[in-house]
Each structure stands twice: as C-alpha cells, then as structure tokens.
Amino acid sequence: MPSLLMRFTRALIVLVAVAGVTAQASAKAADGNRMTPEKYATYLKRFNAQDVRYSELYAKDVVFYHDPMFGVLRGRQAIVDFYRKIDTELKETVTATTVVIDNEHGLMAAELTTQVLATRGGVKMPDGVIY
C-alpha cells in the first residue's frame, strides 16, 4: 500500500462568484441568489463529498483564477472537470474557519483550511511527488 501524505494549507480566498453573488444579484434579494452561511456550508459539504452539485452554487459565468499552475477556469463545467480529474488522485477536504459575506457589494471572503490526501502513491503535485 502506498504511503499517504497529508498537506495542510491556510489561505484567505475572496469568492465573488459563489451562488451568483454579484452586484447585479444583490439587487435581486428575493430570487434566492444571495449567499448565506447555510448555503456556503452546503457548498463545502458537497465539495468535500465530491458531489458535483457543489457547482450549482456558482454563478453560471464563474471564473476561477487558479494561476499560475492550473490557469483560468471559466464556467461551472470547467471547474467540475478540473476537480473530477483531481479527485481521481486526491481527497481534498476544505473547512471554513471564518466566513464573511457582503451581499450588498457582491463579495465574500473565507479563511479556509484545506487537507489534501493522496489516494495512491506517485501523485504529481506542483511542488513534488507524493509517495
């Protein structure tokens, strides 16, 4: 059985596309596009379970800037496709420690802890190979 390496990363990430939270969407309070802590918890639960329905909480025109190593992902399907490939080698678990939502300005910030676990040996990562 290959050895598995867990890696932890802390980051402050600004997410402006989750659940369609944009300046235009903030004007549509009744249409359900406003982000809430409950919706974000649902997003994380789905993402951590590799349930592609997490993408339903992105704006249709979401842009994920994953530079410099993975480029720019445009649209829900591009993000799903990216993580589908990642999920064949890694189990990623994301936990939010702090979440701040400003629907009025269409902004959200989350401090996240990410645990990445290789599901097999020899997984190529940007900073080396996990054995």
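Helices (H or I, at least four residues) and strands (E, at least two) are DSSP runs, numbered from the N terminus. By that definition the protein has three helices and seven strands. Their order along the sequence is β-α-α-β-β-α-β-β-β-β.

This is a predicted model, in which local features need pLDDT of at least 70 and side-chain atom pairs count only at pLDDT 80 or more, while totals for chains, interfaces and linings use all residues. Residues are numbered from 1 along each chain as its sequence is written, and side-chain values use heavy atoms, with hydrogens and water left out.

**Stop 1: the whole chain**

Begin by colouring the chain by pLDDT, the predictor's confidence in each residue, from 0 to 100. The mean pLDDT of the protein is 77, and 71% of its residues reach 70 or more. Select residues 1-31, over which pLDDT stays under 50. The model has 80 contacts beyond four places in sequence for residues 1-31, where contact means heavy atoms within 4.5 Å. Where pLDDT is low, the predicted coordinates should not be read in detail.

Next, display the surface. The protein exposes about 8,100 Å², of which carbon and sulfur atoms supply 58%; accessible areas come from the Shrake-Rupley method with a 1.4 Å probe, and for residues only the protein chains shown count as cover. Of the 131 residues, 33% count as buried. Buried means under 20% relative accessible area, exposed over 50%, and partly exposed in between (1.4 Å probe, protein chains only). Among contacts between residues at least 6 apart in sequence, 57% join residues at least 24 apart.

**Stop 2: helix 2**

Select residues 37-48, which form helix 2. The expected span of a helix is 1.5 Å times one less than its number of residues. For the 12 residues of helix 2 this gives 16 Å, and the end C-alpha atoms are 16 Å apart, which agrees. Show the side chains of Tyr-40, Tyr-43, Leu-44, Arg-46, Phe-47 and Asn-48, the buried residues of helix 2. Their cover includes helix 3, strand 4 and strand 5 (107-118).

Move on to Gln-50, in the loop between helix 2 and strand 2. What is the phi of Gln-50? The value is near 55°, positive in a residue other than glycine. Most residues other than glycine have a negative phi. Gln-50 is partly exposed, with a relative accessible area of 34%.

**Stop 3: helix 3**

Select residues 76-86, which form helix 3, and show Ile-79, Val-80, Phe-82, Tyr-83 and Ile-86, which are buried. Seen down the helix axis, these buried residues fall within an arc of 160°, so they line one face of helix 3; the arc is that of the directions from the helix axis to the C-beta atoms. What covers the buried residues of helix 3 includes helix 2, strand 2 (63-65), strand 3 (72-74) and strand 4 (90-102).

**Stop 4: the core**

A nonpolar core is a set of buried Ala, Val, Leu, Ile, Met, Phe, Trp, Tyr and Cys residues joined through side-chain atoms within 4.5 Å. Which members of the largest core, with its 24 residues, touch the most other members? They are Tyr-40, Tyr-43, Tyr-54, Ile-79, Tyr-83 and Leu-90. Helix 2, helix 3, strand 4, strand 5 and strand 6 (123-125) each supply at least two residues of this core. In soluble globular proteins, nonpolar side chains tend to be buried together.

Centre the view on Leu-90. Not counting residues up to four places away in sequence, Leu-90 touches Gln-50, Val-116, Leu-117, Ala-118, Thr-119, Val-123 and Met-125.

**Stop 5: pairs of residues apart in sequence**

Select Glu-89, in the loop between helix 3 and strand 4. Glu-89 is partly exposed at 25% relative accessibility. Beyond four places in sequence, Glu-89 touches Leu-117, Ala-118, Thr-119, Arg-120 and Val-123.

Glu-89 and Gly-122 are 33 residues apart in sequence and 9.3 Å apart in space, C-alpha to C-alpha.

Finish at Ala-110, in strand 5. Is Ala-110 buried or exposed? At 0% relative accessibility, Ala-110 counts as buried. Ala-110 and Ala-96 are 14 residues apart in sequence and 6.5 Å apart in space, C-alpha to C-alpha.
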